Amino acid sequence: MTSVSATAVSTTRPGTHDDAVVGVVPDEVVRPADAGELVEVMRTAHAGARTVLAAGGRSKLGWAPAPRSVDLLVDTTGLDRVVEHTAGDLVVIAEAGVRLSVLQEQLAAAGQWLALDPPEPGATLGGILSANAAGPRRLRYGTVRDLLIGVTVVLADGTVAHAGGKVVKNVAGYDLGKLYTGAHGTLGVVASTTWRLHPVPAARRVVVLDLADPLAAGPLAIALARSTLTPTAVELRATIGGPASLTVVFEAIAESVTSQADAAVRLLGGGRQDDQLPEHFGERPRATDDLVLRLAFAPASLTAVLGALPAGTEVTASACTGIAHVVLPDPGALPALRAALLPHDGSAVVLSASPALRSALDHWGPLGDAVALMERVKDRFDPDRRLAPGRFVGGI
Amino acid sequence: MTATLDTATAPGDQRARTTALAARLRAAVGEPRVLTDHAQLRTYECDGLANFRVTPAVVVLAECTQHVVDAVRLCSEAGVPFVARGSGTGLSGGALPVSDGVVIVLSRMRSLGPVDADNARVVVEPGVINLWVTRDAAPYNLAYAPDPSSQQVCSIGGNVAENAGGAHCLKYGFTVNHVLGAEVVLPDGSLVHLGGTAPEHPGYDLLGAFIGSEGTLGIATSMTLRLVRVPEAVQTMLVGFSSVDDAAGTVSDIIAAGILPAAIEMMDALAIEAAEAAVHCGYPEGAVAVLVIELDGPQVEVEAQFAQVEQIALARKAFETRIAQDAAERALMWKGRKSAFAAVGRISPAYFVQDGVIPRTQLPEVLREISRMADVVGLRVANVFHAGDGNLHPLVLFDDAVDGQAHAAEELAGDILELCITSGGSITGEHGVGAEKRMKMGKQFTPEDLDTMQLVRCAFDPDGIANPGKVFPTPRMCGERPGPRTGEHPVQAAGLGEVF
């Protein structure tokens, strides 16, 4: 085990307003240079009973509520090694601070990629895992839980714990990678990640259909899902009460994307074809002061969900998967929206909001009957509640 | 109170306690659903791992969620361990009863559907047979992707407990990728709902941790399954090779070409011989290895890639490539593969089946090493496995009438698993750890890794009554809090990997 080095000490500095996590300024910021230093940092923090919050590219810190306290912000971007890429096994091991864009560049040289395309620039693997971020191609490839095959986490007391491995098929022991995914760092700090990879498709063909009414996207999405077409993404961009466009992306061998795009035009009753993705493809709607939400619901309920959104709401949706991102013009409409989502097994989670709004908002919405169990899990992993306190459901 | 402490109880006390529990169970779920007759109990003394047998004290035949809730609550109150059981086809002893414990049988809970075609979902009870889901989904052009070879008899509840795989998980993933929600009876008898029809419910992905936990975190009484669209085209090819190396090389070349088949299965000469004798599948004569390769997807894509796969196989000196012309021929190709385990029983009085995983690129070396290891101890090993995933199923053949052979076979099977670990793989790809391989867990994971898994178990099951003695090498009390360990990790010391 690497002991704490002079480098680690020299990279500790006082927190500033630029380091604030949803308005909370950490006392100190430390940037461990490698995994060994991370362990040392965690042990020292544990010994000093300090609260710890890990951050990578800091592109999604708003996805969780404000922490109750941050004594130490652990900047994981120093853990930036791509440890192992075995092209023949379609597997890569990379540390938590590796930026997705950097990894993709390296994998592309072997004709491969990690099939995750969250749009946040600068995002690191650890942050993507912890926030469970995904993009349009979740339709074909799934999300973190479908692609992560191994993980190494440093627990609150500095214990190093692995789960999974470096083979895709593996059912030995509990699959703790699932538990850490989307946990916003409340169970441990991710040190290293192992992923299943996919070959980069040879060709792309895109069909874009303009819609006069966003709600028309619902039946089209169901028709696409029930067809034999295999799009990698079906994305809706719309303003409720205004115009909308549905983008269907085919990525495969050239013969396949051409014939599938033709078939999609027939199925949709129109649409223009292109080899390029439209501008802003996959971006989530952004707003500095407004309320941005991620909606999740039963996929076939898209029409009903769009119908429940107030006029003027900006929407992007992964139309066949039951995921949408919206800018809600009137935050007061949130409780009604949550109520409207319930029959569709739906939820609305805050991704960004102004500081004034945040303090008044219920970040997660209704939580079901497993919250007590989640608290018991948290209590086992972090009994003193020092990891990102307050950043998760039920005040976890 | 925990199961591990129960051994200290005097036999008379134990009997009295069991009798009292059985009476309470009868009052709660009804007389005919509680078995205590020794002859009847013996039906449940083992699962598919038949060389491990334990007679339980009580069996409860649950017919609804409330029966499971009642049974688990009463077990919890009495401090008596329980084991959930579906069809009992598991190969690692996951449903092996605990002596003096209760077995809760779920195979009467068989409500299935209706299929929600627009959402591609269906809700099922745990006793539903895997293949029934696809049967019911077929009219909607949908299917349930996980297809373990036992799919005609295995239950979804068991699939969820073991995170079952199958031939097609190379492309489609495992049970965990196809179960979106579950109603779970926790080991204290309380009921929780994890996940649902929609994706990404706020909170920890407890469902992801629950699936594959082998009955140690609770009992699922209802599950929401994701269905997949039946592809436009499916093509299956049977390829004969004169050497195992060429077959293994073909697997690597296909993946390297950027092709992701639905399945790539491999059988060696001994497995072919057995399958041929059992089901007359007509595999290429004289083949030292065969691959069954299946591609699915849009017609044009399948056709183009199929031609490419054939070229790759021919370049690796395949002596026969046979393409299934219709569904019947495809079924025959698969019949040979899926019946291979049972078929081996016809050419050997007994065998151990293993379920190790290795990185795909190491297939040729590992297969050569297994063959060498078998020669050294004078035993035969048949290989029939999911080559695309690197998921080996070596069948170690032996004759238990020959003195010492069973022991030698067991040792060889164990050595093969250790070879999988040192190759960077896993001791189980789909069968689970169960009762059989728990002592190997310490070779694959560090003590800290296992302690961390125990944190989850203790959150779900602080009294350790849900399927104790499975998965983990040593039971631990949940009151103990593991501190950080110091010194070199055994895995690291053995040169098996860095801590990171």
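User: Where is Gly97(A) placed in chain A?

Analyst: Gly97(A) sits in the loop between β6 (91-95) and α3 (100-108) of chain A. Helices (H or I, at least four residues) and strands (E, at least two) are DSSP runs, numbered from the N terminus. This is a predicted model, where local features need pLDDT of at least 70, side-chain atom pairs count only at pLDDT 80 or more, and totals for chains, interfaces and linings use all residues. Residues are numbered from 1 along each chain as its sequence is written, with chains lettered from A and ligands numbered from 1 in the order in which they are written.

User: Why is Gly97(A) called buried?

Analyst: A residue is buried if 20 or more other C-beta atoms lie within 10 Å of its own, exposed if 12 or fewer, and partly exposed in between, with C-beta atoms placed from the backbone. Gly97(A) has 29 other C-beta atoms within 10 Å, so it is buried.

User: Which residues is Gly97(A) in contact with, leaving aside its neighbours within four places in sequence?

Analyst: They are Gly56(A), Thr76(A), Thr77(A), Gly78(A), Leu79(A), Asp80(A), Thr124(A) and Gly126(A). Contact here means that the two C-beta atoms, placed from the backbone, lie within 7 Å.

User: What makes α9(B) roughly perpendicular to α12(B)?

Analyst: Helix α9 (residues 269-279) and helix α12 (residues 340-347) of chain B pack at an angle of about 90°, with their axes 8 Å apart. Axes are lines fitted to C-alpha atoms, for helices over the stretch in contact, and angles run from 0 to 180 degrees between N-to-C directions. Angles under 35 degrees count as roughly parallel, over 145 as roughly antiparallel, 65 to 115 as roughly perpendicular and the rest as oblique. Therefore α9(B) is roughly perpendicular to α12(B).

User: How many nonpolar, polar and charged residues has the contact of α9(B) with α12(B)?

Analyst: There are 11 nonpolar, no polar and 2 charged residues. Ala, Val, Leu, Ile, Met, Phe, Trp, Tyr, Cys and Pro count as nonpolar, Asp, Glu, Lys and Arg as charged, and the others, Gly among them, as polar. Glu273(B) in α9(B) and Arg346(B) in α12(B) are among the residues that meet.

User: How many residues does each chain give to the contact between chain A and chain B?

Analyst: Chain B gives 77 residues and chain A gives 79 residues. On the side of chain B that touches chain A, α16(B) gives the most, with 8 residues. By class, that side of chain B has 36 nonpolar, 29 polar and 12 charged residues.
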